[in-house]
Amino acid sequence: MNQSVQARPCWSLLAQRAEDQLELIRLEMTQANHRLNQLERSRQRLHVMYEDYSQQFNQPGSQSQGMSRAVVLRQYMSQMLSLIERVNTDMAYTQNLLAALKEKMIEAEKERIKMQTLAEKNAMELQLQSQRIEQRRMDELGTLQFNRKMAS
């Protein structure tokens, strides 16, 4: 009656895998947040530059500087607006990515909790099984001692 209790490492491995997956998603979210902050700063700088050139263009006396300067300022302002639009598009993409990552993180957290719960349940079952086996051994030992006393 030599029964040994063996742990099944699959649950703890799956729990660790779920934790690793969750950590990767957190890292991706951190990178996406950093990217979003960079884009916001870029957008602000572009707006400041656009406003600066807009003021230069609209200043009294700027018409007297010549038609070529006005054309250059307009082209530059047009390029600024297209860059601002591109940054806005990138920000929308990054915000969508963040929303998707949040959903992914919620699912990964659910999976991690499930695997951790299964690993804890397995550990408790192993402990209970081990206690039962130990109790059975103690009962057998007690029965043997009782039978020896009765036989003597």
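Let's start at a pair of side chains: D90 and R35 meet in a salt bridge, with N and O 3.9 Å apart. A salt bridge here is a side-chain nitrogen of Lys or Arg within 4 Å of a carboxyl oxygen of Asp or Glu. This pair links distant parts of the chain, since D90 sits in helix α2 and R35 in helix α1, 55 residues apart. D90 is partly exposed at 23% relative accessible area, and R35 is partly exposed too, at 39%. For these labels, buried means under 20% relative accessible area, exposed means over 50%, and partly exposed is in between (1.4 Å probe, protein chains only).

A word on what you are looking at. This is a predicted model, in which local features need pLDDT of at least 70 and side-chain atom pairs count only at pLDDT 80 or more, while totals for chains, interfaces and linings use all residues. Residues are numbered from 1 along each chain as its sequence is written, and side-chain values use heavy atoms, with hydrogens and water left out.

Now step back to the whole chain. It has two helices and zero strands; helices (H or I, at least four residues) and strands (E, at least two) are DSSP runs, numbered from the N terminus. The radius of gyration is 35 Å, well over the 15 Å that the globule rule gives for 152 residues, so the chain is more spread out than a compact globule. That radius is taken over C-alpha atoms, and the rule is 2.2 Å times the number of residues to the power 0.38. You can see the outline in the box that the C-alpha atoms fill, roughly 125 × 15 × 15 Å along the principal axes. Within the chain, V48 in helix α1 and R137 have C-alpha atoms separated by 82 Å, although they are 89 residues apart along the chain. V48 counts as exposed, at 58% relative accessibility.

How much of the chain is buried? Buried residues make up 20% of the 152 residues. The chain exposes about 11,700 Å², and carbon and sulfur atoms supply 54% of that area; the areas come from the Shrake-Rupley method with a 1.4 Å probe. As for contacts (heavy atoms within 4.5 Å), among those between residues at least 6 apart in sequence, 86% join residues at least 24 apart.

Back to the charges. Side chains of opposite charge can pair when their charged atoms come close. A search of the whole structure finds nine salt bridges. One of them joins R112 and E19, whose closest N and O atoms are 3.5 Å apart. R112 lies in helix α2 (residues 67-151) and E19 in helix α1 (residues 10-58), so the pair ties together parts that are 93 residues apart in sequence. R112 is buried, at 17% relative accessible area, whereas E19 is partly exposed at 27%.

K114 is partly exposed at 44% relative accessibility, as is E111 at 32%. Elsewhere, salt bridges that share partners join E19, E23, R26, E109 and R112 into one network.
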